[in-house]
Amino acid sequence: RIGVSTENLISLGHAAKIAGSSQDTLVKSLEVMVRRLGETKLGVGQARYALDKLGLDADKLSRKSPEKAFEILAKSIMKIPNAADRTVAAYYMMGRRGTELLNLMETLAKVGIAGVREEAEKLGITFSRLDAAKVEAANDAITRVQAVVEGGLKVAGIELGPYIEARAKACVNWAH
């Protein structure tokens, strides 16, 4: 949805968890970053001030993949000597949740995406887009089977409803 490769998204998500954040926070922050880069290219939005302070060009950054742009931003933000200013830069580039990724940005500044991907691969938690498509197809099939079962139960409930109601009334009458 945001243009990050499956392998890198899994790797960054893993690194985010280790850094005390979450995959959800990562994805939402990347979405905001991509949107803000686009706004900056159009000459609007507050991110342009942060990019100017970081010495980054929005046009060049927006031509990179989202994960590479994030890595470049992380390295630039981590060069800021004071924590308050790093937090402000993360906020302007990635929104409120972006500030939760400062520990991940510190990791990226040290080892880069290649480093976090290498660890994820060693742990066996990455998979390709082709494998992801297979998982998605299996999930879709499971959803369809669940719908068939749900539909069957509804039909059974409709068909058996009068009999169930009659038995329930008979039980109530017997109890009195």
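This briefing covers salt bridges, a pocket, a surface patch and one glycine in the structure above. The structure is a predicted model, in which local features need pLDDT of at least 70, side-chain atom pairs count only at pLDDT 80 or more, and totals for chains, interfaces and linings use all residues. Residues are numbered from 1 along each chain as its sequence is written, and side-chain values use heavy atoms, with hydrogens and water left out. The structure holds 12 salt bridges, and its second largest pocket has about 170 Å³ of space.

**Terms**

- A salt bridge is a side-chain nitrogen of Lys or Arg within 4 Å of a carboxyl oxygen of Asp or Glu.
- Helices are DSSP runs (H or I, at least four residues), as are strands (E, at least two), numbered from the N terminus.
- A residue is buried under 20% relative accessible area, exposed over 50%, and partly exposed in between (1.4 Å probe, protein chains only).

- K28 pairs with D24, and their closest N and O atoms are 3.6 Å apart.
- Because K28 and D24 are 4 residues apart in helix α2 (residues 23-41), about one helical turn separates them.
- K28 is partly exposed at 36% relative accessible area, and D24 is partly exposed at 39%.
- A network of salt bridges links D24, K28 and R97.
- E39 and R35 also form a salt bridge, at 3.4 Å from N to O.
- Both E39 and R35 belong to helix α2 and are 4 residues apart, about one turn of the helix.
- E39 has a relative accessible area of 25% and is partly exposed; R35 has 44% and is partly exposed.

- In the salt bridge between K122 and E118, the closest N and O atoms are 3.3 Å apart.
- K122 and E118 are 4 residues apart in helix α7 (residues 102-123), about one turn of the helix.
- K122 counts as exposed at 67% relative accessibility, whereas E118 counts as partly exposed at 44%.

**The second largest pocket**

- On a 1 Å grid over the protein atoms alone, a pocket is an open set of points where a 1.4 Å probe fits, with protein on both sides within 12 Å along at least five of seven lines; lining residues have an atom within 4 Å of a point.
- The volume is the space filled by probe spheres set on the points, with grid points joined across faces, edges and corners.
- The lining of the second largest pocket consists of Q46, Y49, A50, K53, L54, I80, D85, V88, A89 and Y92.
- By type, the lining has 7 nonpolar, 1 polar and 2 charged residues (Ala, Val, Leu, Ile, Met, Phe, Trp, Tyr, Cys and Pro count as nonpolar, Asp, Glu, Lys and Arg as charged, and the others, Gly among them, as polar).

**Helix α8**

- V145, V149 and L153 make up a nonpolar surface patch with about 300 Å² of accessible area together.
- Such a patch has residues with over 30% relative accessible area and no salt bridge, with nonpolar side chains (Val, Leu, Ile, Met, Phe, Trp, Tyr) joined within 5 Å and like charges within 9 Å.
- Accessible areas come from the Shrake-Rupley method with a 1.4 Å probe; for residues, only the protein chains shown count as cover.
- V145 is in helix α8 (residues 129-175) and counts as exposed at 52% relative accessibility.
- G152 is found in helix α8 and is partly exposed at 35% relative accessibility.
- G152 and H176 are 24 residues apart along the chain, and 35 Å separates their C-alpha atoms.
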